[in-house]
Every structure is written in C-alpha cells, then in structure tokens.
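Please walk through this model with the sequence and the structure side by side. The paragraphs below go from the helices to the core, then to the charged pairs and a few backbone angles.

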Amino acid sequence: MTQTICRTTPVPETSGRRDRLSQGPDVLFCYGTLQFDAVLTALLGRIPARAPASAPGWRAALLEGRVYPGLVVSTLGSTAPGALLTDLSNEEWRILDAFEDDRYELQEVTLSTGDRGWAYIWLDGEVQPENWDAAVFEALHLPEYAARCARLAPGLAAGLPKSE
C-alpha cells in the first residue's frame with residue numbers, strides 16, 4: 001500500500017530550498033543508513049513497512065570522509081541493493097527530506113522489479129570508486145550514527161534545518 005505525499009509544512013521562501021516533496025512521492029528507495037532499524041527508529045520513532053529492493057544502473061558509492069553513501073549512476077552496470085519504505089506518513093517524509101538536505105536530490109529511479117521508487121541521489125562530488133559497505137558501517141559506525149540521528153530528530157520534527 002502506498003500513500004501520496006503532500007507537504008503539510010511549506011518550505012520558507014527564504015530557505016533557498018525548493019519543495020522537493022511537491023511531486024508527491026509515495027515510496028522511498030533506501031540504499032544506505034536508512035536501511036537500519038536503529039537509524040529509522042532514531043529519526044521517526046518507528047520502523048516503517050519495507051520490502052527488499054534494488055536499483056539497477058546505480059551504486060551506493062563510498063563518499064570521501066563520510067560514513068554514509070551517496071547513490072550515483074553506475075558506469076559499470078552494477079545494482080544498488082536496498083529497501084523500499086512503503087508506508088511513510090507526510091510528517092515522516094518531511095523529516096527524512098530535511099535529514100537528507102540539499103546535498104541530495106529527490107528523484108525517481110527504476111527498480112529491479114520494473115516499478116519506480118523515489119531515492120535521494122548524491123549531487124556533491126567526493127565520490128570514491130569503491131561501493132559503500134553496509135556491514136562495515138554497521139560494525140564500525142551504527143551506534144554513534146543512530147545516536148546522532150536521535151539528537152537531530154527533535155529539530156527535524158520541529159521543521160528546523162539539520163545542524164550539528
């Protein structure tokens with residue numbers, strides 16, 4: 001079951017940020033840290049319904065100096081594994097959109113099933129030739145990262161920009 005999303009809190013015109021959710025996204029393809037229960041719980045207070053998914057022609061790239069990945073077009077024809085979040089509320093979309101901030105662009109991607117899902121595509125450069133490794137992230141960074149997300153969550157829920 002999917003839900004059409006309409007932003008309930010407009011982005012202030014002075015923010016310089018366009019309303020990425022005005023396109024009405026319904027399902028979110030997650031390829032990085034949002035695949036982890038601890039991160040979703042820290043940000044949203046729950047674990048949304050999800051299904052395994054993958055995006056052919058994309059890869060979850062390791063980013064220089066960062067513990068999270070960026071989804072980038074794959075020149076090698078690889079497939080980015082991940083999960084499809086299928087029951088996000090309007091408020092949860094708003095929180096995740098603020099969390100992903102302007103370093104990402106929300107775009108539709110074609111999934112291995114032929115269906116389409118929305119994903120946050122990395123725009124900022126710093127892309128490494130290696131793919132991001134979820135097992136390494138889980139072993140080395142997950143507890144600290146989830147704690148950071150928990151610190152950010154109240155501000156994101158209040159409509160404040162991500163800061164820390």
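**Helices, core and charged pairs**

The cover over the buried residues of α4 includes α1, α2 and α3 (134–140). The model is a predicted one. The buried residues in question are Leu142, Tyr145, Ala146, Cys149, Leu152, Ala153 and Leu156. Helix α4 has 16 residues, and the distance from its first C-alpha to its last is 21 Å, close to the 22 Å expected at 1.5 Å a residue. The helix has a kink of about 30° at Arg151, shortly before the proline Pro154. After α4 comes Gly159, with a positive phi near 85°.

In α1, which covers residues 37–44, the buried residues are Val39, Leu40, Ala42, Leu43 and Leu44. Viewed down the axis of α1, these buried residues fall within an arc of 170°, so they line one face of the helix. Just after α1, the chain passes through Gly45, which takes a positive phi of about 80°.

Next, the nonpolar core. In soluble globular proteins, nonpolar side chains tend to be buried together. Here the largest nonpolar core has 46 residues. Which residues have the most contacts inside it? They are Leu28, Phe29, Leu34 and Leu43. Leu43 is also one of the buried residues of α1. For Leu28, leaving out residues up to four places away in sequence, the residues touched include Leu34, Ala83, Leu84, Leu85 and Leu88. Trp93, Leu96, Trp118, Ala119 and Tyr120 are also among the residues that Leu28 touches.

The charged side chains come next. How many salt bridges does the structure hold? There are eight salt bridges. One of them joins Asp87 to Arg46, with 3.3 Å between the closest N and O atoms. This pair links distant parts of the chain, since Asp87 is in the loop between β5 and α2 while Arg46 is in the loop between α1 and β2, 41 residues apart. Are these two partners buried or partly exposed? Asp87 has a relative accessibility of 30%, so it counts as partly exposed. Arg46 is also partly exposed, because its relative accessible area is 29%.

A second salt bridge is formed by Arg94 and Glu91, at 2.5 Å from N to O. Both residues lie in helix α2, three residues apart, which is about one turn of the helix. The relative accessibility of Arg94 is 7%, so Arg94 counts as buried. Glu91, in contrast, is partly exposed, because its relative accessible area is 31%. Salt bridges with shared partners join Arg46, Asp87 and Glu92 into one network.

Glu92 is placed in helix α2. With a relative accessibility of 8%, Glu92 counts as buried, because the limit for buried is under 20%. Setting aside neighbours within four places in sequence, Glu92 is in contact with Leu44, Arg46 and Asp87.

Another salt bridge pairs Arg103 with Asp101, the closest N and O atoms being 2.8 Å apart. Asp101 lies in the loop between α2 and β6 (104–110). Its relative accessibility is 14%, so Asp101 counts as buried.

The backbone is the last topic. Most residues other than glycine have a negative phi. Glu126 lies in the loop between β7 (116–122) and β8 (127–131). Glu126 is partly exposed, because its relative accessible area is 36%, whereas Asp101 is buried.

Definitions and conventions. Residues numbered from 1 in each chain as written. Predicted model: local features only at pLDDT ≥ 70, side-chain atom pairs only at ≥ 80, totals over all residues. Heavy atoms only, no water. Buried < 20%, exposed > 50% of the residue type's maximum accessible area, 1.4 Å probe, protein only. Helix = DSSP H or I, 4+ residues; strand = E, 2+ residues; numbered from the N terminus. Arc of directions from axis to C-beta. Salt bridge = Lys/Arg side-chain N within 4 Å of Asp/Glu carboxyl O. Core = buried A, V, L, I, M, F, W, Y, C linked by side-chain atoms within 4.5 Å. Contact = heavy atoms within 4.5 Å. Expected span 1.5 Å × (residues − 1). Bend = angle between axes of the 7 residues up to and from the residue.
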